[in-house]
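Subject: Structure for you to look at

Dear colleague,

My notes come after it.

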Amino acid sequence: MHFYVHVPFCARRCSYCDFAIAVRRTIPTDEFIDGVASELKARFGGADVGELTTLYLGGGTPSKLGSDGVGRLLDRLRSVPGLTVAGDAEVTMEANPEDVTPEAAAAWRAAGINRLSMGVQSFNAVALAWMHRTHDADAASRAITAAREAGIDNVSIDLIFALPPDLGRSWETDLLKALALQPDHISLYGLTVEPHTPLGRWTARGEVTEAPEEQYAVEYLLAHKTLVAAGFDHYEVSNFAKASKSSRHNSSYWQRSPYIGAGPSAHSFDGSVRRWNEREYEPWRQKVAAAADPLGGSETLTESNAIAEDVYLGLRTMNGLAVTEVDAGMMVEWEKSAWAGLRKDRGRLTAEGWLRLDSLAAALTALRSH
Ligand code: SF4
């Protein structure tokens, strides 16, 4: 079983962010931990939910729970009846670099965190300020040193690409600076403009020019070339890992394994039904405080949903998809266009193919659905 906890708190909203977050100057750590415990009681009532092989604290900014808060949350989860954490579980926490002090990293390691995923995004001071990030250009290096010295030897960093060209950010320089830190894993995010964000408003007013599609493709392919040459596996459309350091938790989503999510906006999946919690913190808090299930909605996967998901999830990873008689012709065409490679009756997209993931997945789904 895989378990995700959404910790929604952030110090401020980044200019491009439309995630479910709660901006707080003071983090209501104990209220939140009580809320997660109440949610699990309301939903499972002590029934056996299985042994967790991965546990992921995402957000938001889980590192805002502080050095002690993370330990208290993990202790509380371990004490939930019916829930156990495997001894060799991958326990990941997302962190902002400025929160990763030597003291905090040591406390998190002692609490059981063995993988840290850091929102670095860029090493360019102008770009960081424009994104409303709260860390400076050197913070990532200090944070990785603190994490490693504390014994957290599996460190992932997030980088954002396709920033507006007017910022003058060099993607190549940022990739090289990232490699100099020797992370175990790198996740890429292509900037998208969401309407209800500061960036959405700046763009609507004509104050910001989005990166053209060509820049998106050039930067994505440069990342692929640079990181693969540095010894990373490009194992999923947006993720790169050194040997044996791919994210076990995220890989479970791509394999359509069942998972439980707790906290505002968190999704859960039991193999056929996907459900999600109240998106915003306050409605979620009120429901769990009243000992109610904080359900926001659910859907049962139909057969056609399942076909579409199998295709999309298969194509997004380097494992690819087993080629069927129906789609062999299409795969051969993709191979001729250098969008896919065929090996031992499996079709895997190339980096060029991943640039077209949505349209290729839609075409293959349409073929398999008839
Ligand atoms: S730190 Fe992450 S979740 Fe928080 S506002 Fe920034 S992008 Fe959004």
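Predicted model: local features only at pLDDT ≥ 70, side-chain atom pairs only at ≥ 80, totals over all residues.

I start with the helix pairs, since two packed helices are described by the angle between their axes and the distance between the axes. Helix H11, which covers residues 303-316, packs with helix H14, residues 357-368, at an angle of about 140°, and their axes are 9 Å apart. The crossing in which H11 passes H14 is right-handed. On the H11 side the contact involves Ile307, Ala308, Val311, Tyr312, Leu315 and Arg316, while H14 contributes Leu357, Asp358, Leu360, Ala361, Leu364, Thr365 and Arg368. Sorted by class, the residues in this contact of H11 with H14 are 9 nonpolar, 1 polar and 3 charged.

The other pair consists of helix H1 (residues 29-44) and helix H10 (residues 281-289), whose axes come within 9 Å and cross at roughly 60°. That angle makes H1 oblique to H10, and the crossing of H1 and H10 is left-handed. Glu31, Phe32, Gly35, Val36, Ser38 and Glu39 of H1 make this contact with Tyr281, Trp284, Arg285 and Val288 of H10. In the contact of H1 with H10 there are 5 nonpolar, 2 polar and 3 charged residues.

Turning to the interior, in soluble globular proteins nonpolar side chains tend to be buried together. The largest nonpolar core here has 79 residues, and within it Phe3, Val100, Ile113, Leu116, Met118, Leu159 and Leu315 touch the most other members. Strand S5 (residues 83-95) supplies the largest share of this core, with 6 residues. Apart from that core lies another one of 14 residues, among them Cys14, Tyr16, Ala127 and Ile160.

Aspartate 174, in helix H6 (residues 171-180), counts as buried because its relative accessibility is 3%, and beyond its neighbours within four places in sequence it is in contact with Ser122, Phe123, Asn124 and Arg169. Serine 251 belongs to helix H9 (residues 248-254) and is also buried, at a relative accessible area of 14%.

Finally, the backbone deserves a look, given that most residues other than glycine have a negative phi, and most peptide bonds are trans. Glycine 59 and glycine 60 are joined by a cis peptide bond with omega of about 20°, and glycine 60 sits in the loop between strand S4 (50-59) and helix H2 (66-78). Glutamine 121, in strand S6 (residues 115-121), has a positive phi near 70° and is buried, with a relative accessible area of 6%. Alanine 338 has a positive phi too, near 65°; this alanine 338 lies in the loop between helix H12 (328-336) and strand S16 (340-343) and is partly exposed, with a relative accessible area of 41%.

With best wishes

Definitions and conventions: Residues numbered from 1 in each chain as written. Heavy atoms only, no water. Axes fitted to C-alpha atoms, helices over the stretch in contact; angles between N-to-C directions. Helix = DSSP H or I, 4+ residues; strand = E, 2+ residues; numbered from the N terminus. Left-handed = near helix turned anticlockwise from the far one by under 90°. Contact = heavy atoms within 4.5 Å. Nonpolar A, V, L, I, M, F, W, Y, C, P; charged D, E, K, R; others polar. Core = buried A, V, L, I, M, F, W, Y, C linked by side-chain atoms within 4.5 Å. Buried < 20%, exposed > 50% of the residue type's maximum accessible area, 1.4 Å probe, protein only. Parallel < 35°, antiparallel > 145°, perpendicular 65-115°, else oblique.
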